[in-house]
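Subject: A structure for you to explore

Hello,

Here is the structure I promised to pass on to you. Please open it beside this email and follow along as you read.

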Amino acid sequence: MRLELHAPRRLGRIVAAALAASLVASALTPVAEASAESDGVVWAWGMNCHGLLGAGVEAFIQNDSCESSRVTPMKVAGLRGVVSISAQRNVDFEDQIGGGLAVLDDGTVRAWGLQDYLPSPVAGLTGVRAVYSRSGTYFAVKSDGTVWVWNADSSDPASGIGASDKDGVWLSAPTRVPGLADVASMAVGGPYAVKTDGTVWAWGDNSSGQLGDTTKHDDCLGVDCSRTPVRVPGVGGVVAVAAGNGTVYALKGDGTVWAWGSNDDGALGNGTTGGSSARPAAIPGLTGVTAVAAANGSQYAVKDDGSVWAWGDNDYGQLGDGTTTRRLAPVKVAGLSGVVAIAAGWWSAYALKSDGTVWAWGDNSDHELGATTSKLDKCGRLREPCSLKPGPVPGVSGGKAIAAGPGFVYVLASGSQAACLACGTTTKVADVVWTGKAFKPNIELAIDGVVLKAGEDYTVSYGDNTGIGQGTVTLTAKNLEKYTGSVTVAFNILPKATKLTKAAAGKRSAKIAWKKVSAKQKITGYFIRYRAKGAKKWTVRKWIYSAKTSKATVKGLKKGKAYQFQVRAYKDVDDRLYPSDNFPDDSLFRSAWSPIKTTKKIK
């Protein structure tokens, strides 16, 4: 069955999927498809739209939607013996959201996402070595060097099948791409294939010269394209290929990187921007490269000294140089060493180190940076949370390969019985009253009834926890042989209570006054409630939308009755102009009520 799923609109921005598989030159295969031990498992975090994290239907319904995400890495359910992974690589901003693919050690393939909430077998595929996903279309490279495609229309030039627009059929089952043999690896931006003889083959769109020449091939709705694979001239000795938005990068065996296609945002890395080039050319100054990745106008290269270099678009700090400045030539990513693989998300990037840890930077709108301890900034037109420099992703160890998608990430790691910290139980922290000092409450964490040891099993970090609002305590696994991930406990920091200094009866009214709370608390205002003396319920409420006010007149009271009054301070952290007592406590933080003060009988 063909599923037509499109990227939804999310809280001010369109969620769009993206993946650029990282490529390991020495292995002649993308890192997202690199080999691992037969007990390989897959960890995932970030956005969980349409089952992207492979958590199952129940988890999707209860916890996940296209408006939510997961900070703590979790295992993709039911996957063991994984040797290769892939995540969706979108070509256009609003392409349908895809999912994940995994190759098992028996050569079969599992797929999830696109509303398959758990990994399920792909029928008819055996002997697979690597998998790739492009805008909802899937590819597999078999051990015999053939390429197979499914979940595609055969008239789509990107399928490589060669059918015309009128002859197209839906390929629900894997179908061999004709004219391709001896393929070592692929990149799906075009798509592109690297053969064992070092040649590059391409098909699909050629509007920016992505096929590497100016020859007219096929007419695809007025745009030049090739419906079947053609050889890219002028480049050989290639061991890996990556593709961005209309730009292609070929990594040669000598460690140089050659680029062609679109030059938007300086994608060609030659110090210029704009236009395009159909002729492959070496990127100046880029040598000793062992892996390359690209997505959405941002490109990355890993050198043989373990450093990472980046160029192109940098609106979300995704180049990792501490700025949001576009770079037309490669610049060094700050603070990274020992890197063996790289993956590019839509506006973020991920480095896999030789010690199996993952470091991330760039956009964090969907918590795709994990429970990062990096200082977050605000990036992009909508001022989204981001990190301008790389930071470690807590709870990830033993990584062997990495792939990134639309605000979500997959890591292939050695199988582990490590327990998930977020799956344990933690001490609940009671509300506290503001003191002007940072709160550092003690948290007890237990898993299966066993209390873990702080400093030995996990590290503790605190939020700011000084101002009125929600405080946090985060526990992050330290003993990665036994535990993984992190858990955050939240608690409320409330304003100090005030007290009434006056409650005087007037003509069908009362004048009240109270002691203002400290200006350091930065409250929003006060809330007054009152009732006739002897009544059980407080039936009328009054808001004072100013922290500077310390008196009020309450009108409409009944003659001959005495009234009781109370006041309390509040802070609205969402800065609503007119809050209500019915608003939830996660944004409205209230002090305790003042002691009751009673008027004389109303005149």
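Strands here are DSSP runs of E with at least two residues, helices are runs of H or I with at least four residues, and both are numbered from the N terminus. With that in hand, you can find Asp355 in the loop between strand S31 (348-353) and strand S32 (358-363).

Two notes on the source. This is a predicted model, in which local features need pLDDT of at least 70 and side-chain atom pairs count only at pLDDT 80 or more, while totals for chains, interfaces and linings use all residues. Residues are numbered from 1 along each chain as its sequence is written, and side-chain values use heavy atoms, with hydrogens and water left out.

Let's stay with Asp355. Is Asp355 buried or exposed? Its relative accessibility is 52%, so Asp355 counts as exposed; the cut-offs are under 20% relative accessible area for buried, over 50% for exposed, and partly exposed in between, with a 1.4 Å probe and protein chains only. The side chains of Asp355 and Thr357 are joined by a polar contact of 2.6 Å. Such a contact is a pair of N or O atoms within 3.5 Å; within protein, one must be able to donate a hydrogen and the other to accept it, and residues adjacent in sequence count only if both atoms are side-chain atoms. Asp355 and Ser397 are 42 residues apart along the chain, and their C-alpha atoms are separated by 7.8 Å.

Now look at Asn314, in the loop between strand S28 (308-312) and strand S29 (327-332). Asn314 has a relative accessible area of 0%, so this residue is buried. Its side chain reaches the backbone oxygen of Thr325 at 3.1 Å. Leaving out residues up to four places away in sequence, Asn314 touches several others, including Leu319, Asp321 and Arg326; contact means heavy atoms within 4.5 Å.

Thr599 sits in the segment after strand S53 (597-598). Thr599 counts as buried because its relative accessibility is 5%. Beyond its neighbours within four places in sequence, Thr599 is in contact with residues among them Ala503, Tyr563 and Phe565.

Next, a sheet. Four strands form an open sheet in the order S6-S5-S36-S35, with antiparallel pairing; two strands pair if DSSP finds at least two bridges between them. Strand S6 (69-75) and strand S35 (399-404) are the edges, each pairing on one side only. Strand S5 (residues 41-47) pairs with S6 over four bridges, and Trp43 has Lys75 in S6 as its bridge partner.

Finally, the aromatic rings. Rings of Phe, Tyr and Trp (its six-membered ring) pair if their centres lie within 6.5 Å; planes under 30 degrees apart count as stacked, over 60 as edge-to-face and the rest as tilted. By this rule there are 14 aromatic pairs. Phe139 and Trp203 have ring centres 6.4 Å apart and planes at 65°, so they are edge-to-face. Phe139 is in strand S12 (residues 137-142) and Trp203 in strand S19 (residues 200-205), so this pair ties together parts 64 residues apart in sequence. Phe408 and Tyr410 make a tilted pair, with 5.1 Å between centres and 55° between planes. Both Phe408 and Tyr410 are buried. One aromatic cluster is formed by Phe527, Trp543, Tyr545, Tyr570 and Trp593.

Enjoy exploring!
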